[in-house]
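This report looks at how a ligand is held and at where a set of annotated positions lies.

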Amino acid sequence: MADEHGGELDTVMQESRLFPPPAEFSAGARIKSLEEYQQLWDRAAADPPKFWADIAQEELHWFEPFTEALRWNEPVAEWFVGGKTNACYNCVDKHVAEGRGDRVAIVWEGEPGDERTLTYAELQTEVSKCANALKSLGIGLGDVVSIYMPMTPELAIAMLACARIGAVHSVIFAGFSGEAIADRNNDAGAKLVITADGGWRRGKVLPLKETVDEALAKSPTVEHCLVLKRAGDAPNMQEGRDVWWHDVVDTASDECPAAPLDSETPLFILYTSGSTGKPKGIKHTSAGYTLYAKKTFEWVFDHRDDDVFWCTADCGWITGHSYVVYGPLAAGAKVLMYEGAPDHPAGDRFWDIVERRKVTVFYTAPTAIRAFIKWGDELVDKHDLSSLRILGTVGEGINPEAWMWYHKKVGGERCPIVDTWWQTETGGIMMSPLPGAIPTKPGSCTKPLPGVVPAIVDDHGQPVHPGHGGWLTITQPWPGMLRGIWGDMQRYQDVYWSRIPGKYLAGDNARCDQDGYYWIMGRIDDVLNVSGHRLSTIEIESALVSHPAVAEAAAVGRPHDLKGEAVAVFITLKDVDPSEELREELKHHVRKEIGALAQPEDIRFTGSLPKTRSGKIMRRLLKDIAAGREAVGDTTTLEDYTVLTRLRSGKE
Ligand code: ATP
Ligand code: MG
């Protein structure tokens, strides 16, 4: 890794646009100004454990109070030691106990248009029944339950029911193969799988139970399978092993008090997206995670009682865990949940939902935003989106031009955009604008949240020169941090805590500008080294996306005799045909925007880019293709295998 730059990155992108929060927004916000944010951040950074302990005491329900905020034995963190709490209690019962049981918790819309609304009191009943059913299937404290379900209320209910009795859920995105489910069942030692007969996607039923059956043939630890009837299919039900939800949950007693659990009781395992390699089974625990999800939700989305909050992520990803289920429910919010595809029955389904349901806060991923841009403005313009007050993005860096589109077209230039940087490992948002306090810059996740103390270092752990990029680390433990990789503490130590002693290594590059704003520059492993200059993927990609013909771009380095590496880019176009002229024009465009150094040597037009199921571009596979190598890394989380075949054959 070491070279003459010591791991530092050059920056070639200049972005000077600044968008202060509208004054009337700030006036009504939880945190109203940059000064107020700075004071809060300073206070937190002075003593993070004390800062978090105060919030935990006040905002979580404790069956027994904790006696110590943090016991830190690097890399093992124990937060709120000695306390007993329950994540499910905090998300459900607490609201009922405090007289808010009639408030709506979940508004759900199925893809075919069916709908269901659950108040907090109703949620308590459903979750209690489900928890009793789990017990009747032999599930108790510490048992692992895999959940492979469509985005239905029952998915959230199943997660919360596990939390209620101290079982550990492992949600597996309901698009993965039987093989991927079996891998996860075996890695975690799952005892039960919860699934559905099917789920709706683009007007078709995905046969979920059928896929689970394939997995169960190779999952020796699984004893039972609990099946929700969602799509009306008649799947194979193996006598003695498989049971219907309506037989065991609907008939169960609704008396099941939440178990008082030690703060560090494992809450869930969740496998990462697999952008950089084989997915890691990230472990999160009860008290710290719940607190972190709640607090970051309230800060970043400036939560108000009358909000209708919609995070479009699937619960198969961390974003769905923290901002569909635990964060908003712990805050007592009204959460919108949608089952299906954004383009069913048409490409304006999301905007139709926003309009009909009067969504106020909308949180989605850059991959979706780029798709909306490609689908055309008319689909957005058709709808009244005036209920929106905050827009969010997560998952990848957002190219400044995509940010501008989101700001203008969706946000009507009035909604602050929160570009939230975080990871499965961090449990919740780490860096993001606070919408009433921090002016935004397109493409920057702006500043760390209170209690989060980042540092950008070179590969010797030394601070980089001001303005340069380097490795993003976090210097203080925080409550939402992962507690390990399931069953592999050595890998946990190696991946996050070994290369830079004393700091959490995130695996991303970042730079901090003169205003203290952070810019994520891409993955450590994806850096391009052109003639001794280390360049980030996102800057080159953003330069390309700023050209009107380009929908998406992925930049990788490919071996080059003279330069070390040359820039190779893969591009999907908007409604334009590829041509030699366009290729030259794009090279010229990059040179003009960010300089000759970053000019691509190769430009390949393609119909689609390889992405993870969570919608992230898998640059490591493109790197192999650009170098003419077989892709050798893990491809189990690839969304569409045919993309690779097509890219290799050059027939696009
Ligand atoms: P794996 O760890 O298996 O390679 P992954 O890192 O893609 O998969 P996630 O935990 O889902 O799995 O994604 C976290 C990563 O997503 C971050 O490390 C970062 O690279 C990227 N990311 C998330 N949000 C942002 C953002 N707002 N800006 C830039 N990058 C982001
Ligand atoms: Mg990762």
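Predicted model: local features only at pLDDT ≥ 70, side-chain atom pairs only at ≥ 80, totals over all residues.

A polar contact is here a pair of N or O atoms within 3.5 Å.

| Residue | Atom of the residue | Atom of ligand 1 | Distance |
|---|---|---|---|
| T272 | side-chain N or O | oxygen | 2.6 Å |
| G397 | polar backbone atom | nitrogen | 3.4 Å |

Taken on its own, ligand 1 has 640 Å² of accessible area, of which the protein covers 94%. The shell around ligand 1 is made up of seven charged, ten polar and four nonpolar residues, and of these 21 residues the nearest are T272, S275, T276, T424 and D508.

Turning to the record, the UniProt annotation "binding site", from an unreviewed entry, covers R201, R202, G203, K204, T319, S531 and R591. These positions do not all gather at one spot, because they span 391 residues in sequence and their farthest two C-alpha atoms are 50.4 Å apart.

Two of the annotated positions can be described in more detail. R202 is found in the loop between β9 (199-201) and β10 (204-206), where its relative accessible area of 43% makes it partly exposed; beyond its neighbours within four places in sequence, R202 is in contact with E111, A341, D343 and H344. T319, by contrast, lies in helix α11 (residues 318-330) and is buried, with a relative accessible area of 10%, and its contacts, again leaving aside neighbours within four places in sequence, are C311, A313, V324, Y363, V394 and W422.

Key
Residues numbered from 1 in each chain as written. Chains lettered and ligands numbered in written order. Heavy atoms only, no water. Near = heavy atom within 4 Å. Polar contact = N/O pair within 3.5 Å; in protein donor to acceptor, adjacent residues only side chain to side chain. Areas by Shrake-Rupley, 256 points an atom, 1.4 Å probe, with all protein chains shown as cover. Nonpolar A, V, L, I, M, F, W, Y, C, P; charged D, E, K, R; others polar. UniProt positions renumbered as here; feature names shortened; annotations may be inferred. Helix = DSSP H or I, 4+ residues; strand = E, 2+ residues; numbered from the N terminus. Buried < 20%, exposed > 50% of the residue type's maximum accessible area, 1.4 Å probe, protein only. Contact = heavy atoms within 4.5 Å.
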